[in-house]
Amino acid sequence: MTTIDETRITDPEEIERILEERAVALAQSTDDEAHGEHITFVIVRLGSERYAMPIDCVREIKPLDRVTALSATPPFWLGLANLRGNLHPVLDLRRYLGVQSIVESDEPQLVLVSGDTLTIGLRVDQVVEVRAIATSEIGPSLVERTAERADIHTGLTRDLICVLDIEELLADRALIVQDVS
Amino acid sequence: MEPTDSEFMRELMTVFCGEAEERLATVDQRLLAIEQTHQMDQRTDLLADLMRELHTLKGSAGAVNLPDVSRLAHALETHFGKLASPGTATETIFDHGYAALDSMRAMIDAGAGGVACEVDVDAVMATLSGAEPAATRAQGWHAVDDFTPAPLPEHMPILPAPEPPATPTIIDHRTVSHDVSSVVDAPSATAAHVAQFMPGHDPLPGAASATTTTIRPAEEVTLGSASAVAPAPAVVVPGVQLDASSPAHPTPAAPTIHARARRPEGADEVVRLSTAKLDSLMARVGELVVTRIGTGRRTDEIRALAETVAAWEETWRRIRPQYLKIVAAAGGESGTSLMDLIPEIQRLAPAVDEADVRSHEMSRQVTELRAGIEADERRLAQVTTDIEDEVRRTRMLPVSSTFDPLHRLVRDLARDLGKEVLLEVEGGDTEVDRSVLEHIRSPLTHLVRNALDHGVETPDVREAAGKARRATLRLAATQRGGSLILAIADDGGGIDVEHVRETAVGLGLVTNDQLRVMSERDVLRLIFRPSFSTSGSLTDVSGRGVGLDVVRETVERLNGMVDVSSELGAGTTFTLSLPLSVATTQALLIEIAGAVYALPIGAVSRIVSADRDEIGRAQGREMIVLEDGPVVLVRLEDVLQLPSDEESAASRRPIIIIGSDERRIGVAVDGLIGTQDVVVKPLPKPFERVRNVAGATVLASGEVVVVLNTSDLVRSAVRTAVRVEPALERGGETSASRMRTPHSSGAGSVMVVDDSIVTRMLEKSILEAAGYTVHVAADGVEALRALHATPVDLVVSDINMPNMDGLALTQQIRADVALRDVPIVLVTSLDAPDDQMRGMEAGADAYIVKSSFSQEGLLETVARLITTQRIPHARRTRR
């Protein structure tokens, strides 16, 4: 990269050009980060398993307190939670994914995730950490998808963190409650 | 225009729909007014308005990529230009104009919904041009030629073209002077004058161009592109019949009144707010900022206080060892005598003084802090209430937005029926919650149609009866308290009460015996009963499909009321009374399986509690027999599939009777918590529709409570699988002890005084369930009369009531020798300490605030006061 040396460059156009060049270079590097090797995930614990969700989908994390149950909804729907006056549906991610919960949490957390059209709260046992994972570290999902539910597992890391596709989760038609009776 | 930016386009379309709806309404209105006036100068003003609206619409339609709408708007400008010259206003011009406007609505609807439009624009435009009388063409007024119909220019502005700087007022039509009569004396001058009101048009050259750029027929044909055929063939567009050869107009059944531009899927409703409303809201927010600064100061004060405390502690730490030494010496524990310690004590004195100063300082700081916090709290309470109020007001719309389209309806309908009707509107500026307006649109339309169809006579009949040929239909809106009162009054033939009697008996709604004791007004009210129609024949207009019972149902669903009065030969008036806002709903909070649920109180007809032997079985279901017949009894936990709590299921439970006369059920719950005004929110996505759930509400505590859908409950209840008789599972004893009479007989008698039937009902039910004998009265006067006839053990009264309020009633009872010892409980919505004070001064024994009203609270208070009163020596002597 060219440096600006006051003693050497006096032409404002030249300086302009160098600055431009640098701006482009800077923009380039951030671009690389976004598309490239690492993706930042929120890692949560469900029972004794760990799951990762892209941080872009996560809007808020807070301790889960009261959830008001809704009858006549699928069992994975826990009900409604109040976040600053807004009502959000709360999904029990363990039930949805069919995770056997051996380690019951005393302090479950609510992870608010949102996509294009939907914002829902996910009940998880614990939020472990937020960290970047190299895409090269993520291997293919090892378990075959079940027929009745959308496959939201996109891969598995070497240290057994299952990567979830939240967009896919939010697009799952099974989430919709539309009573027709 | 970047069509790729779909988000932006969608938003733009939403805005456009709102704008188009408004502008088309104005055009309709102006056109009606032009049709009704014969004064040329007035007509010129109205036409200027109309043209401006069309012109703006033309521009905006281009911006949202609806070229056909633009073209039609352009053609309409030309078409209505014909109205500028005197004597040219033929019915055909109006009829074709209205029809084309309806087509335009359909086109905008289709465009907004992203569907193909069924309107043949070319045919509509051909009709417009074909109807043009040749004689007027030359001097007529035409579309200003600053617009290229197709293809759309790239630079097409989103907003109407900016006005020339020389005439900055022309876009804001509110500031345009309407007094132009002196200027206008010839058609060309009219055109010139009107032209300068048009945005995007230079007034001076416009004066010339408006008359010179007249589009000749040949050019006009190019507008209509393919079909240059005149007269145009009859075309059918949804709800609109167009026929160039006859002055047909939309059939009355045409959904013109409902022709509101549809919003694009998924787009938010756009609300237009006046700047004044925003300013007022902003002012409140300013107050809020002041409060925040105040609380910031409190933080500083607390910090200062903490410093003083720390300094005091520091001083005390210095004093303490010396003090302990002195205490030890005084106790003779150490070898030193007190005398030896004198220098020590002297040294101690300034430190003690210091500690004293500091403690005074602390006390002062605490006092100041308390005053400050109290002031903050007061201000915050005021500001938040104000803001809530202001925000609620932003949901309000003038009722004229609903009245305006009715002008058109009345015109079309009157013509269709061969009647002459003048529609008068009053109080159009009354502001009402937009959702209330949304809901009353159809009942209002129905009542207007009814008035024209059944109420108003034909001109000849009217003349024969000595009335003016032209009937008057009056629509009046007024605000009374928290209610909107809508009156729809016609000066027609009125309702024949005798005919109502005959029909009602004929339909088996009432018996002759019942009729004999009914007042005329009550007989009239029978017309709101389902399947009632006073019209001899079913007409197109009303009588088919929806009837007055639907009007009543709709209004009652909004917690409103509808009434009718009529004088034979003089006219009929329907009165609708509606809440100004539906933002809040009064709900009954109930408890079931440890959770709280809310039931809209409108659906609750009463609350009972039944003894085991009052519950029977029929058709495999549990039933409870009320005075007026049996109802199906269900347990709420069964309907909601909640875990059943054995213990509570076995105990006596309140039963809430919900639903309408024909389909009602009794719902057994665990407990009643009380009534409360709640804001019902729709369920968030992806909950599109959840059985038995109408929505949810957030209580003051932050707790989310499900609001039950009562019609679903009724349906679910009738369907719920037959439950195995619990007696078979658990043995007869449990079952028999369920629903037992709660109290031993003779718990006492109570008089409930309240002007609200709901409150009366609720309190009566609660007290009766607890074993009291309950009498009711609607106001103080009625209560006093009843008390003299039948003395009771206790009076529960509301404060705010007509005729005689609760305070006056209390004073009267206390002043009455026979009644003075009756305990009085005041129940009121007023939470003001002042009122509580006044209540107590008047001589009330207890005071319950409605907002914190609970079953337990009421029963406890009543039980306590009755017991006290019944023990003779505990009886207090009163002044």
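This is a predicted model: local features need pLDDT of at least 70, side-chain atom pairs count only at pLDDT 80 or more; totals for chains, interfaces and linings use all residues.
**Where chain A meets chain B**

What the interface does have is polar contacts, with 5 residue pairs across chain A and chain B picked up, both partners at pLDDT 80 or more.

So which elements of chain A do the touching? Strands β4 (77–83), β5 (86–92), β7 (119–124) and β12 (177–178) of chain A each put at least two residues into the side that touches chain B. Of the elements in chain A, β4(A) gives the most to that side, namely 5 residues. Sort the residues on the chain A side by type and you get 13 nonpolar, 11 polar and 2 charged.

Now for the overall extent. Chain A brings 26 residues to the contact, and chain B brings 24 residues. Put together, the two chains bury about 2100 Å², and carbon and sulfur atoms account for 62% of that. On the chain A side, the residues that lose the most area to chain B are Ser71(A), Leu87(A) and Asp179(A), which together make up 25% of what that side buries.

Finally, take a look at β12(A), where strand pairing crosses from one chain to the other. This strand pairs with β19 of chain B (residues 687–689), running in the parallel sense over 2 bridges.

Note on methods: Residues are numbered from 1 along each chain as its sequence is written. Chains are lettered from A and ligands numbered from 1 in the order in which they are written. Side-chain values use heavy atoms; hydrogens and water are left out. Contact means heavy atoms within 4.5 Å. Buried area is the accessible area (1.4 Å probe) that two parts lose on being put together, summed over both. A polar contact is a pair of N or O atoms within 3.5 Å; within protein, one must be able to donate a hydrogen and the other to accept it, and residues adjacent in sequence count only if both atoms are side-chain atoms. Helices (H or I, at least four residues) and strands (E, at least two) are DSSP runs, numbered from the N terminus. Ala, Val, Leu, Ile, Met, Phe, Trp, Tyr, Cys and Pro count as nonpolar, Asp, Glu, Lys and Arg as charged, and the others, Gly among them, as polar. Two strands pair if DSSP finds at least two bridges between them.
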